[in-house]
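Could you look this one over with me?

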Amino acid sequence: MAKEVVDAMAMQRALTRITYEIIERNRGIGNLVLIGVKTRGVYLADRIASRLHQLEDTVVPVGQLDVSGYRDDIANSEPTTKAAISNLNTSVTDKKVVLVDDVLFTGRTIRAAMDAIMDLGRPNSINLAVLVDRGHRELPIRADFVGKNIPTAQNERIQVSVNEVDGKDSVEIITGKD
């Protein structure tokens, strides 16, 4: 059974709020780079970058990050490569990196993402922006920018849908065998 907890308007408001918080925390957007975790984090990062451009009249570089080669909880026969970040036309060294993902759960994806980023250079800082923080951390990782905290049970799932992939913007809690 699925229950919508965030609709398209609420998602837009959450991303706008995150955008303003990024500007405030970084005292502007100079030296800023956004990196979206594939798949839905990429589209959220693009939306944040678009809003930053509207507000600050500056283009912020956006990269796409595939963490599959860095995961410690998924069997991987391929050796880890430094090509995990794509579409980023700048170095991460000495940059303020904002890592963008759809859901923060155990923290393992974010740990893998930080490993991938560090393989490419030494950023000045790494902040984490997530649309949904659902709790249940296995690692000491927390988001700096959160669209919505949604406490969940272990047997529940959070499904983030984005228009670019799923044809709609929403966040649903999935319970049972749906």
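1. First, the ground rules. This is a predicted model, where local features need pLDDT of at least 70, side-chain atom pairs count only at pLDDT 80 or more, and totals for chains, interfaces and linings use all residues. Numbering starts from 1 along each chain as its sequence is written, and side-chain values use heavy atoms, with hydrogens and water left out.

2. On the fold: the protein chain has four helices and nine strands, being DSSP runs of H or I (at least four residues) and of E (at least two). From the N terminus on, they go β-α-β-α-β-β-β-α-β-β-β-α-β.

3. On overall size: the radius of gyration, taken over C-alpha atoms, is 16 Å, which agrees with the value near 16 Å for a compact globule of 178 residues. The globule rule here is 2.2 Å times the number of residues to the power 0.38. Of the 178 residues, 46% are buried (under 20% relative accessible area, 1.4 Å probe, protein chains only).

4. Now helix H3. This helix covers residues 108-120 and reaches 19 Å from its first C-alpha to its last, close to the expected 18 Å (1.5 Å times one less than its number of residues).

5. Which residues of H3 are buried? They are Arg108, Thr109, Ile110, Ala112, Ala113, Ala116 and Ile117. Their cover includes strands S2 (32-37), S3 (62-65), S4 (85-86), S5 (96-104) and S6 (125-133).

How values were computed:
Buried means under 20% relative accessible area, exposed over 50%, partly exposed in between (1.4 Å probe, protein chains only). Contact means heavy atoms within 4.5 Å.
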